[in-house]
Amino acid sequence: MSDRDTLIDKFIATTDWKTAKVGPLAGDASNRRYLRLEMNGETAVLMDAPPEKGEDVRPFVKIDTYLCDLGLSAPRVLASDPTNGFLLLEDLGDDLFARVMERSPELETPLYETATDVLVDLHKHAAPDDLKTYTPEFMAEMAALAYRWYLRGLDMPYEDKATRFQTHFRSVLENHANEAEVLIQRDYHAENLLWLPDRSASARVGLLDFQDALVGHRAYDLVSLLQDARRDVPAQIETQMISRYLDATGMVEQDFQTAYHVLGAQRNLRIIGVFARLSMHFGKPHYIDLIPRVWTYLLRDLTNPALAETKGLLLDDLPEPTPDLLKKLKEKCATIPTL
C-alpha cells in the first residue's frame with residue numbers, strides 16, 4: 001500500500017463512511033484521481049488531489065459552495081482534508097451528457113438547452129470575490145500555446161511567431177472580448193456535465209470541473225459547451241443555443257456573436273497547444289487525435305469579420321493538422337521537457 005493510500009484510509013476513517021467499500025473512478029487530464037465509496041446502498045465520491053503534485057482542493061470548495069448556494073447542482077462537500085488534498089463529495093452519478101446522448105440521441109437538443117439555461121441562470125449573479133480575471137493578456141498568452149507546443153512538436157520555428165501573434169491577438173481580445181463580468185467554469189462541456197432528470201430546471205445539470213474558474217466574458221462557457229473538443233456539436237445546435245442565450249439575456253447580438261467567435265478562436269488555439277503538450281510532455285498521445293476537430297472549430301470562428309487579420313496570420317503560421325503531421329506529433333510523445 002502506498003503512502004497516499006494510507007492517507008486515504010485515514011481520511012475515510014474520520015468520516016461517516018469509514019466502513020464503505022472503495023473502488024476506482026475515471027480520472028481526468030490533471031493529477032487528480034477519483035474513488036467511489038459504497039455503503040448501505042449509498043455512494044459518495046472521494047477526490048484525491050495530491051498537494052505535492054500542485055493540486056489544491058480549496059478553490060474547488062470555494063466555487064462548489066458558490067454554485068450550490070445559487071441552487072445549481074455542484075456536488076455537496078461531505079468531508080474535507082485540504083492539507084492532504086482530500087474531498088468527500090456527493091455522488092451525482094455516471095450519466096455524463098456525452099454518454100446520455102450516445103444512448104439517447106433524441107435528448108441531444110434538450111440537454112444542450114438545459115446546459116445553456118444553466119449559464120443564463122449563473123450569469124444573473126456576480127462572480128465570487130477574489131477570483132482572478134481571465135484578462136486579454138492572459139488569454140493571448142494561452143492562445144499562443146498553439147505556437148509553443150504544436151509548432152515546437154513539428155520542429156518548426158515558433159518563439160518569434162508566438163510573440164508576434166500574442167501581441168496581435170491581445171489587441172483583438174481587448175477590442176472585442178474585454179468584458180469580464182461572470183464566473184466562467186472554463187471546461188463546461190459534455191464530458192463534465194451530468195444529467196439529473198429527477199431534479200428541476202437548471203438543477204438537472206450536474207457540474208463537475210470548475211476548480212479553475214475565473215471571472216470572464218459571458219460567451220466563454222457557451223463556447224466551451226458548443227465547440228466541444230471531444231464531440232461533434234452540430235452547427236445547427238450551436239446556432240440555436242446562441243440564439244436561446246441571447247433571447248434569455250437580451251445581449252446585443254452582433255457584439256455577442258463577435259465576442260463568441262473571438263473567444264472561440266482563443267479557446268481552440270489554447271486547446272491545440274494543451275493537447276500537443278499533453279502528448280509530448282506528459283505522454284498522452286490520444287489527445288493528438290482530437291486536434292482535427294478543434295481545428296475545424298477554429299476555422300469556423302475565423303470566418304468572423306473581426307478575425308480577418310488573425311485568420312491570415314494563423315493560416316500562414318500554423319499548418320493544417322493532416323494525418324502525417326499528427327503522426328509526427330505522436331512520435332514525439334513524452335520526449336520534450338516542459339518549458
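Guide: What follows covers the ring pairs and then the charges over rings.

This is a predicted model, in which local features need pLDDT of at least 70 and side-chain atom pairs count only at pLDDT 80 or more, while totals for chains, interfaces and linings use all residues. Residues are numbered from 1 along each chain as its sequence is written, and side-chain values use heavy atoms, with hydrogens and water left out.

Rings of Phe, Tyr and Trp (its six-membered ring) are paired if their centres lie within 6.5 Å; planes under 30 degrees apart count as stacked, over 60 as edge-to-face, and the rest as tilted. By this rule there are nine aromatic pairs. One of them joins phenylalanine 97 to tryptophan 195, edge-to-face, at 6.1 Å centre to centre with 80° between the planes. Phenylalanine 97 belongs to helix H3 (residues 97–103) and tryptophan 195 to strand E7 (residues 193–195), so this pair ties together parts 98 residues apart in sequence. Helices (H or I, at least four residues) and strands (E, at least two) are DSSP runs, numbered from the N terminus. Phenylalanine 97 and tryptophan 195 are both buried, where buried means under 20% relative accessible area, exposed over 50%, and partly exposed in between (1.4 Å probe, protein chains only).

Tyrosine 134 and tyrosine 220 have ring centres 5.5 Å apart and planes at 80°, so this pair is edge-to-face. It links distant parts of the chain, 86 residues apart: tyrosine 134 is in the loop between helix H4 (108–122) and helix H5 (136–143), and tyrosine 220 is in helix H8 (residues 220–226). Both tyrosine 134 and tyrosine 220 are buried. Together with Phe138, Tyr134 and Tyr220 make up one aromatic cluster.

Tyrosine 134 also has a charge over its ring: the charged end of arginine 186 sits there, 4.9 Å from the ring centre. The criterion is that NZ of Lys or CZ of Arg is within 6 Å of the ring centre and within 35 degrees of the ring normal. Another arginine, arginine 152, lies over the face of tryptophan 149, at 5.1 Å from the ring centre.
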